[in-house]
Amino acid sequence: ISRHPIECVVAHDFIGRLMIQCARQRDLASVLDTLLGFDDDEIYIEQWEQLEGLTFAQVTRIFDFAIPIGIKRHLDAKIMINPSPSYIIHKQDEIIVLAEDNDTYAPFRDGPMAIV
C-alpha cells in the first residue's frame, strides 16, 4: 500500500498517443526502446544524502557514469523531469538518472568535474 496517491494510466490511450508520436517523429521509437528497454541504459531513482543543498545544475556534473534527468521530490512525491537548473535538492529528494546498471554509478564531490 502506497503512502502517496497512485496515478492510473489508461494503457490504450497512452499507447495510441505514443504510436502517433512515433509516426510523426523520426527515430522516436528507437529512443523510447533505448530508454525503456532492458538492453541498454535504464532509469534509476535513488537518494544521495551528500547532494542535499546542491542545485540540479550542479548534480548534472557530478556523475561519471550516469545522466541525471530529474528529481522525485520527497515533500509531495512529485516527479520533475528536467527541473530548473536552480532547483535545490532537499533532504530525502531522489535523483532520477539514466545509467548502465544500478551499481555502475555514484556521485563524487572532488575531481575534475567537481561542483563549480
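Analyst: Happy to. A definition to start with: helices and strands here are DSSP runs, a strand being a run of E with at least two residues, numbered from the N terminus. Alanine 77 lies in the loop between β2 and β3. Keep in mind that this is a predicted model.

User: What makes alanine 77 count as buried or exposed?

Analyst: The cut-off for buried is under 20% relative accessible area. Alanine 77 comes out at 18%, so it is buried.

User: And what is the phi of alanine 77?

Analyst: Near 65°, a positive value in a residue that isn't glycine. For background, most residues other than glycine have a negative phi.

User: Which label does asparagine 82 get, buried or exposed, and why?

Analyst: Exposed requires over 50%. Asparagine 82 has 62% relative accessibility, so it counts as exposed. Its backbone also has a positive phi, about 55°, although it is not a glycine. You'll find asparagine 82 in the loop between β3 and β4.

User: How do you know that β2 and β4 pair?

Analyst: Pairing takes at least two DSSP bridges between two strands. Six bridges join β2 (residues 66-72) to β4 (residues 94-99), so the two qualify as a pair, and they run antiparallel. To put residues on it, isoleucine 71 has isoleucine 95 in β4 as its bridge partner.

User: What makes β1 and β3 edge strands?

Analyst: Start with the open sheet, where four strands sit in the order β1-β4-β2-β3 with antiparallel pairing. β1 (42-47) and β3 (79-81) each pair on one side only, and that is what puts them at the edge. Neighbouring strands in this sheet are turned by 35° against each other on average, ignoring direction.

User: Which elements does the whole chain have, and in what pattern?

Analyst: Three helices and four strands, following α-α-β-α-β-β-β along the sequence. By the under-20% cut-off, 28% of the 116 residues count as buried.

User: How much of the contact set links residues 24 or more positions apart?

Analyst: Among contacts with a separation of 6 or more, 64% come from residues 24 or more positions apart. A contact here means heavy atoms within 4.5 Å.

User: Where do the charges sit relative to each other?

Analyst: The chain has 10 positive and 19 negative charges, and their mean positions are 11 Å apart.

Terms used: Residues are numbered from 1 along each chain as its sequence is written. This is a predicted model: local features need pLDDT of at least 70, side-chain atom pairs count only at pLDDT 80 or more; totals for chains, interfaces and linings use all residues. Side-chain values use heavy atoms; hydrogens and water are left out. Axes are lines fitted to C-alpha atoms, for helices over the stretch in contact, and angles run from 0 to 180 degrees between N-to-C directions. Buried means under 20% relative accessible area, exposed over 50%, partly exposed in between (1.4 Å probe, protein chains only). Lys and Arg count as positive and Asp and Glu as negative; His and the chain ends are not counted. The place of a charge is taken as NZ of Lys, CZ of Arg, CG of Asp or CD of Glu.
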